[in-house]
Amino acid sequence: MAVGTVTVSVSCGETIDLATTTTTSIIGTTIAVAPDAPSVDDVLTGDLETASLTELIDALVVNFQGLDDDAAVGDRSRLDDILSLWAVLETRLIDERPGLHHGFTQAVDLATLAVERRRPADATKAQRIALEMRASAAG
């Protein structure tokens, strides 16, 4: 009888630069926060109906920040904001920039899945997709 050894190496593939983040303690929980992270109020100057497409996209992307922490605990507040923005943005996106619709739909669907199933890694992926789509919208 032969006995073999198998070595498995697992890595995440993602490096987080802690020098570019600060931490905030909230009731015993430490959350990494980007030091220059804008708020929705910083990017959305008017109401949803009169905002430009760029402002709506930026507001949507801002809401993806920290979604992984929300997903870990099942907090839906940020997801609800994403879904509210998406309800307004989706129609405008289809009319004005249809090539971006699929990517943003993927990001929103993945964000929903992440929070509902408490999958922070999916929230991180959703944020990456949203950031890539915002870069495409700007280009």
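Arg78 lies in helix H4, which spans residues 77–96. The model is predicted. In this model Arg78 is partly exposed, because its relative accessible area is 26%, a value between the limits of 20% for buried and 50% for exposed.

Leaving aside residues up to four places away in sequence, Arg78 touches Asn63, Gln65, Gly66, Leu67 and Asp70. Two of these contacts can be given with distances. The side chain of Arg78 reaches the backbone oxygen of Gln65 at 2.7 Å. Asn63 is 15 residues from Arg78 along the chain, and the C-alpha atoms of the pair are 6.2 Å apart.

Helices H5 and H6 form a pair. The axis of H5 comes within 8 Å of the axis of H6 (residues 120–138), and the two cross at roughly 160°. H5 is therefore roughly antiparallel to H6, and the crossing of H5 and H6 is left-handed. On the H5 side the contact is made by Gly103, Phe104, Ala107, Leu110, Ala111, Leu113 and Ala114. H6 contributes Asp122, Ala123, Lys125, Ala126, Ile129, Ala130, Met133 and Arg134.

The average pLDDT of the chain is 78, and 67% of the residues score at least 70.

| Element | Residues | Mean pLDDT |
|---|---|---|
| Strand E1 (lowest) | 22–26 | 38 |
| Helix H5 (highest) | 101–116 | 97 |

Over residues 4–37 the pLDDT stays under 50. For residues 4–37 the model has 21 contacts beyond four places in sequence.

Definitions and conventions
Residues are numbered from 1 along each chain as its sequence is written. This is a predicted model: local features need pLDDT of at least 70, side-chain atom pairs count only at pLDDT 80 or more; totals for chains, interfaces and linings use all residues. Side-chain values use heavy atoms; hydrogens and water are left out. Helices (H or I, at least four residues) and strands (E, at least two) are DSSP runs, numbered from the N terminus. Buried means under 20% relative accessible area, exposed over 50%, partly exposed in between (1.4 Å probe, protein chains only). Contact means heavy atoms within 4.5 Å. A polar contact is a pair of N or O atoms within 3.5 Å; within protein, one must be able to donate a hydrogen and the other to accept it, and residues adjacent in sequence count only if both atoms are side-chain atoms. pLDDT is the predictor's confidence in each residue, from 0 to 100. Axes are lines fitted to C-alpha atoms, for helices over the stretch in contact, and angles run from 0 to 180 degrees between N-to-C directions. Angles under 35 degrees count as roughly parallel, over 145 as roughly antiparallel, 65 to 115 as roughly perpendicular and the rest as oblique. A crossing is left-handed if the near helix is turned anticlockwise from the far one by less than a right angle, and right-handed if clockwise.
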